[in-house]
Amino acid sequence: PELMQYGEGYLPNDRRHQIKAYGFLELTSEWGIGANVLLASGRPRSCLGYEPNPGATGSPGYRNQTYYCLGTDRTKDELHTRGSIGRLPWDNRLDMSISYKPSAVKGLQFKVDIFNLLDQQTVQNVTEGYNVRSGGRVANNYESPISLTAPRSVKLTASYDYKF
């Protein structure tokens, strides 16, 4: 039962706002450009702390997997609803592509895709373990980033698509 106390709330992938847009434009019969934009609000953060009275209800206790942590007066831990500690920053991404189809060779295409063009590495996930024992100190890695948005990358493609 301790594990479920204050377990209601925002799940880790609750993003309140997401805007996605994409498009492709043929500049000439040989050249084309495309773009993909993603704007997504940050994910909710939770805090998992040590159960102050493990096993009080007859269960074996769940150690630091309950929602006890971050007491307002900082002298004792309190229960906090899942996802109520705040939100991570917005994720903003711009991907671009350029394609070239030479008219001299029908079916041949060269393409360059650039992912995360602006190279914005946003924190996607953080460590939510607040402490490791009752009355213990805050864990060294509490709220340290676990994953970031992938850095800028480039994909080069050459294809030949000729219909016989």
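User: What relative accessibility does Val123 have?
Analyst: In this predicted model, local features need pLDDT of at least 70 and side-chain atom pairs pLDDT 80 or more, while totals for chains, interfaces and linings use all residues. Residues are numbered from 1 along each chain as its sequence is written, and side-chain values use heavy atoms, leaving out hydrogens and water. Buried means under 20% relative accessible area, exposed over 50%, and partly exposed in between (1.4 Å probe, protein chains only). Val123 counts as partly exposed, because its relative accessibility is 23%.

User: Which residues is Val123 in contact with, leaving aside its neighbours within four places in sequence?
Analyst: Val123 lies in strand β9, residues 123–126. Strands are DSSP runs of E with at least two residues, and helices are runs of H or I with at least four, numbered from the N terminus. Contact means heavy atoms within 4.5 Å. Beyond its neighbours within four places, Val123 touches Leu88, Pro89, Pro145, Ser147 and Leu148.

User: What distance separates the C-alpha atoms of Val123 and Ser144?
Analyst: Val123 and Ser144 are 21 residues apart along the chain. Their C-alpha atoms are separated by 9.4 Å.

User: What share of the contacts with a separation of 6 or more comes from residues 24 or more positions apart?
Analyst: The chain has 164 residues, and 29% of them count as buried. Among contacts with a separation of 6 or more, residues 24 or more positions apart account for 62%.

User: How many bridges join β2 to β7?
Analyst: Two strands pair if DSSP finds at least two bridges between them. Strand β7 covers residues 91–100 and runs antiparallel to β2. In this pairing Asn36 stands opposite Asp95 of β7. The bridges joining β2 to β7 number ten.

User: Which residue in β8 is the bridge partner of Tyr100?
Analyst: Strands β7 and β8 (residues 108–115) run antiparallel and are joined by five bridges. Ser99 faces Lys111 of β8. The β8 partner of Tyr100 is Phe110.

User: Is Asp113 buried or exposed?
Analyst: Lys155, its salt-bridge partner, is partly exposed, with a relative accessible area of 42%. Asp113 has a relative accessible area of 9%, so it is buried.

User: Which residues are linked with Asp14 in a network of salt bridges?
Analyst: The structure holds seven salt bridges. In one of them, Asp14 meets Arg87 at 2.7 Å, N to O. This pair spans 73 residues, from the segment before β1 (18–26) to strand β6 (residues 86–87). The network links Asp14 with Arg16 and Arg87.

User: What relative accessible area does Arg87 have?
Analyst: Its partner Asp14 is partly exposed, with a relative accessible area of 22%. Arg87 is partly exposed as well, at 32%.

User: Which parts of the chain do Glu26 and Lys101 lie in?
Analyst: The side chains of Glu26 and Lys101 meet in a salt bridge of 3.9 Å, N to O. The pair ties together parts 75 residues apart, because Glu26 lies in strand β1 and Lys101 in the loop between β7 and β8.

User: What value of phi does Asn116 have?
Analyst: Most residues other than glycine have a negative phi. Asn116 is found in the loop between β8 and β9, and it counts as buried at 3% relative accessibility. Although Asn116 is not a glycine, its phi is positive, at about 55°.

User: Where is Glu143 placed?
Analyst: Glu143 is another residue other than glycine with a positive phi, near 65°. At 31% relative accessibility, Glu143 counts as partly exposed. Its place is in the loop between β9 and β10 (145–148).

Key: A salt bridge is a side-chain nitrogen of Lys or Arg within 4 Å of a carboxyl oxygen of Asp or Glu.
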